[in-house]
Amino acid sequence: MRIAFTKRRLAAPVSRLAVLGVLLAALGPIASAAGASVGQTIIDRCTHGQSLSGFSQKAYRQALQELPTEVEEYSDCGNLIRRAQLAAAGGVGGGGSPGASATTPIPVTPAERSALNSAPKLASGGVQVGDQTIRPGVIHADIASALSSLPNSLLAALAFLLACALLLAGRALRNRVRAHRPS
């Protein structure tokens, strides 16, 4: 009887641990959703066409930093988050909703304006880099640089194919010479 009693005593803590483990596993996704960053919440709201208003400046900055490349490239979420950030700061702009007008101007900093104004001037004559002038639309490359940028495995495969082609050409030439040789 004493052995059965110890088995029960051991079974109870093990079953409690198992139940606790199952509960923690079930609550894991809920806890991670609750702990999700506010930046990701803004991104999710933008991609689902919901309003972006009501967040702090820190939250908008975090959303812009966490914005995935594919969302930035294939949607207007980056601009919409900036507009919502501007509206939250009390500036001009839409309320941050995805339906906002696409013609709402985004303010340009003086440094950006100066770079934009100097861009056409630089492009006309090219830019001096070291001892070489770089002009837009002109590619300065030669065969040596093209071959040196190829991976070694590809160069080895090309060399093997070239050797095979030379062997086949040599064999065909030998067969022709033998065919025309008098016996």
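**Close-up views of a predicted model**

**View 1. A disulfide joins C46 and C77.** In this predicted model, the sulfur atoms of C46 and C77 lie 2.2 Å apart and form a disulfide. A disulfide is a covalent bond between the sulfur atoms of two cysteines. The link connects distant parts of the chain, since C46 sits in helix α2 (residues 38-47) while C77 belongs to helix α5 (residues 77-88), and the two cysteines are 31 residues apart. About the S-S bond the angle is -110°, and the link of C46 and C77 is left-handed. Both cysteines of the pair, C46 and C77, are buried, and the count of disulfides in the model comes to one. Another cysteine, C164, has a relative accessible area of 29% and is therefore partly exposed.

**View 2. Helices α2 and α5 pack against each other at an angle of about 115°.** Two packed helices are described by the angle between their axes and the distance between the axes. For α2 and α5, the axes are 10 Å apart, and the crossing of these two helices is right-handed. On the side of α2, the residues that take part in the meeting are I42, I43, C46 and T47, and on the side of α5 they are C77, L80 and I81.

View 3. Is T47 buried, or is it partly exposed? Its relative accessible area is 41%, so T47 counts as partly exposed. Although T47 and C77 are 30 residues apart along the chain, their C-alpha atoms are separated by 6.9 Å.

**View 4. The largest nonpolar core of the model has 14 residues.** In soluble globular proteins, nonpolar side chains tend to be buried together. Within this core, the residues with the most contacts are I42, L52, Y60, L67 and I81. Looking at I42 in particular, and leaving aside its neighbours within four places in sequence, one finds it in contact with L52, F55, A59, Y60, A63 and I81.

**View 5. F55 and Y60 form the one aromatic pair of the structure.** The ring centres of F55 and Y60 are 6.1 Å apart and the ring planes stand at 80°, so the pair is described as edge-to-face. F55 has a relative accessibility of 16% and so counts as buried, and Y60, with a relative accessible area of 1%, is buried as well. Both F55 and Y60 are also in the list of residues that I42 contacts.

**View 6. Q85 and R83 are found in helix α5.** Q85 has a relative accessible area of 15%, which places it under the 20% limit, so Q85 is buried. Residues up to four places away in sequence are not counted here, and beyond them Q85 touches Q57, Y60, R61 and L64. R83, with a relative accessible area of 6%, is buried too. The C-alpha atoms of R83 and Y60 are separated by 9.9 Å, while along the chain these two residues are 23 residues apart.

**View 7. The protein chain as a whole holds eight helices and two strands.** Read along the sequence, the chain follows the pattern α-α-α-α-α-α-β-β-α-α. How many residues does the chain have, and what percentage of them count as buried? The chain has 183 residues, of which 13% count as buried. Among the contacts in the chain with a separation of 6 or more, 36% are accounted for by residues 24 or more positions apart.

Technical notes:
Residues are numbered from 1 along each chain as its sequence is written. This is a predicted model: local features need pLDDT of at least 70, side-chain atom pairs count only at pLDDT 80 or more; totals for chains, interfaces and linings use all residues. Side-chain values use heavy atoms; hydrogens and water are left out. A disulfide is a pair of cysteine sulfur atoms within 2.5 Å. Helices (H or I, at least four residues) and strands (E, at least two) are DSSP runs, numbered from the N terminus. Buried means under 20% relative accessible area, exposed over 50%, partly exposed in between (1.4 Å probe, protein chains only). Rings of Phe, Tyr and Trp (its six-membered ring) pair if their centres lie within 6.5 Å; planes under 30 degrees apart count as stacked, over 60 as edge-to-face and the rest as tilted. A nonpolar core is a set of buried Ala, Val, Leu, Ile, Met, Phe, Trp, Tyr and Cys residues joined through side-chain atoms within 4.5 Å. Contact means heavy atoms within 4.5 Å. Axes are lines fitted to C-alpha atoms, for helices over the stretch in contact, and angles run from 0 to 180 degrees between N-to-C directions. A crossing is left-handed if the near helix is turned anticlockwise from the far one by less than a right angle, and right-handed if clockwise.
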